[in-house]
There are 2 protein chains.
Amino acid sequence: MTTQQLVAEIRKKKSFLCIGLDVDLNKIPTHLLTEEDPIFAFNKEIIDATHHLCVAYKPNTAFYEAYGIKGWKALEKTIQYINTNHPEIFTIADAKRGDIGNTSTMYAQAFFEDLAFDSVTVAPYMGKDSVEPFLAFEDKHTILLALTSNQGAFDFQTKLIDNKEVYKHVLETSKTWKNAHNLMYVVGATKAEYLADIRRITPNSFLLVPGVGAQGGNLQEVCKYGMTDDIGLLINSSRGIIYAANDSNFAKAAASKAKELQQQMETILK
Amino acid sequence: MTTQQLVAEIRKKKSFLCIGLDVDLNKIPTHLLTEEDPIFAFNKEIIDATHHLCVAYKPNTAFYEAYGIKGWKALEKTIQYINTNHPEIFTIADAKRGDIGNTSTMYAQAFFEDLAFDSVTVAPYMGKDSVEPFLAFEDKHTILLALTSNQGAFDFQTKLIDNKEVYKHVLETSKTWKNAHNLMYVVGATKAEYLADIRRITPNSFLLVPGVGAQGGNLQEVCKYGMTDDIGLLINSSRGIIYAANDSNFAKAAASKAKELQQQMETILK
């Protein structure tokens with residue numbers, strides 16, 4: 001999917017909501033546990049109930065790998081279901097991968113070709129030759145970790161190199177890499193006040209913003225500092241939406257939470 | 001496996017060799033491609049031929065994920081085969097994972113419990129709360145990326161924060177984390193001259209050292225600067241061993257390359 005197609009979808013749906021499909025079998029409604037594939041059954045109901053309210057889905061691969069082959073099958077079925085029924089929706093494999101060149105190419109093939117995701121999240125620690133193999137895929141997007149939403153972000157990401165934070169070096173350096181136009185960045189909503197600085201470095205890139213809701217980030221603040229003429233934001237919510245209820249009405253409850261966020265977004269977009 | 005057990009195995013085998021099981025279907029002998037599971041068939045022959053020469057096996061998960069469910073099955077069969085037939089061998093899931101706390105816990109369960117690896121490689125960018133969930137597992141080891149063997153290591157890892165390289169901050173900071181005794185570190189052999197400095201910060205930790213052989217690192221140099229009283233080194237070779245030949249004698253050729261390295265190690269250990 002091109003960035004232009006994503007922007008068009010945002011304007012059409014009046015939403016820049018991304019829903020995180022982080023399925024934990026300890027948290028889903030118990031009646032689903034008798035299904036042949038409880039993880040996919042859960043995702044299918046969530047997708048059916050929310051696809052008109054969001055523009056992106058983001059399964060975090062950890063939640064699938066934790067269930068071994070069963071989990072990997074559920075991930076495959078989930079991405080196939082989205083791509084078949086809602087090809088207009090942007091898909092993100094939240095995998096936080098990154099390795100030496102030939103190995104990153106294997107990861108890129110896994111997520112862009114085998115699973116056919118539109119994008120994948122990548123960690124920057126190993127530098128240019130660990131990220132460029134992902135960037136080589138046309139109309140696929142590499143979402144680089146810049147400033148994450150967790151407390152541990154202050155351990156290394158905000159430390160100063162030549163009076164400039166590590167995450168700003170990541171932003172600036174990555175802009176010089178081959179096919180940098182395929183880059184997006186992860187910036188946590190819990191650090192909204194950093195967004196003005198970030199927009200000075202990367203005025204137009206899309207930012208994937210986790211941490212609104214359960215982690216305490218504020219939507220209005222994020223939009224105030226981070227929004228561009230072409231929106232430039234994907235706001236992710238996972239637990240706050242998919243675990244809104246855990247009885248037979250869970251999908252309806254999820255849609256209701258998604259609708260709340262979509263309506264706040266519609267107001268902001270006016 | 002405890003560190004003491006690993007050290008005992010090194011002394012017994014006179015080897016601190018780790019073999020990287022990075023199986024690429026384009027590189028294995030073509031006669032294996034008709035097997036039901038060519039990846040596992042390849043690994044099984046390599047393991048049967050080399051297990052007496054090495055103390056660790058390290059599958060890089062990228063090579064398995066690239067083949068989807070088939071790949072994940074081959075990974076499961078490989079680790080089960082090692083754990084069943086050679087439980088004395090230390091196993092490393094080279095996964096370079098790392099995510100916010102609850103998600104890192106899912107990864108830790110995937111690799112330590114579901115797949116029963118002894119250790120997993122983890123990226124440090126997201127800081128303390130992304131790594132501590134791995135460290136919480138007793139007698140399991142978290143191998144943190146410090147200084148990697150690729151060119152991109154110079155993009156961020158060697159940059160200076162308060163006159164000290166980023167990777168040194170990673171080493172020092174990680175030593176303060178809960179259950180830090182379960183930490184090991186990745187340090188590339190292509191940067192052997194950095195090892196003296198690294199040993200000043202972490203005099204006793206085991207270091208996993210990739211980059212000997214195909215990537216140009218020198219074994220003698222690494223040992224000169226990195227070896228401790230309890231050895232403290234695992235030297236990895238992947239392509240140089242497993243792709244020594246690609247005809248029906250590939251396993252024999254791999255054993256011969258592994259034997260060369262083991263004998264160099266035996267001489268160093270004297």
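## Polar links between the chains

Between chain B and chain A, 24 residue pairs are in polar contact, with both residues at pLDDT 80 or more, a polar contact being a pair of N or O atoms within 3.5 Å in which, within protein, one must be able to donate a hydrogen and the other to accept it, and residues adjacent in sequence count only if both atoms are side-chain atoms. Helix α5 (residues 101–114) of chain B, with seven residues, gives the most to the side of chain B that touches chain A; helices (H or I, at least four residues) and strands (E, at least two) are DSSP runs, numbered from the N terminus.

This is a predicted model, in which local features need pLDDT of at least 70 and side-chain atom pairs count only at pLDDT 80 or more, while totals for chains, interfaces and linings use all residues. Residues are numbered from 1 along each chain as its sequence is written, chains are lettered from A in the order in which they are written, and side-chain values use heavy atoms, with hydrogens and water left out.

The count of salt bridges between chain B and chain A is four, where a salt bridge is a side-chain nitrogen of Lys or Arg within 4 Å of a carboxyl oxygen of Asp or Glu. Arg97(B) and Glu65(A) form a salt bridge through their side chains, at 2.9 Å from N to O.

## Extent of the interface

In terms of contact (heavy atoms within 4.5 Å), 55 residues of chain B meet 55 residues of chain A. The two chains bury about 4600 Å² between them, 64% of it on carbon and sulfur atoms; buried area is the accessible area (1.4 Å probe) that two parts lose on being put together, summed over both. Met106(B), Tyr125(B) and Phe156(B) supply 20% of the area that chain B buries against chain A, more than any other three residues.

## The nonpolar core

The largest nonpolar core has 207 residues, and those with the most contacts inside it are Phe111(A) and Phe111(B). Such a core is a set of buried Ala, Val, Leu, Ile, Met, Phe, Trp, Tyr and Cys residues joined through side-chain atoms within 4.5 Å. Among the residues that Phe111(B) touches, not counting those up to four places away in sequence, are Glu65(A), Trp72(B) and Arg97(B).

## A positive phi

Ala116(A) has a positive phi of about 60° although it is not a glycine, and this residue lies in the loop between α5 and β4 of chain A. Ala116(A) counts as partly exposed because its relative accessibility is 30%, given that buried means under 20% relative accessible area, exposed over 50%, and partly exposed in between (1.4 Å probe, protein chains only).
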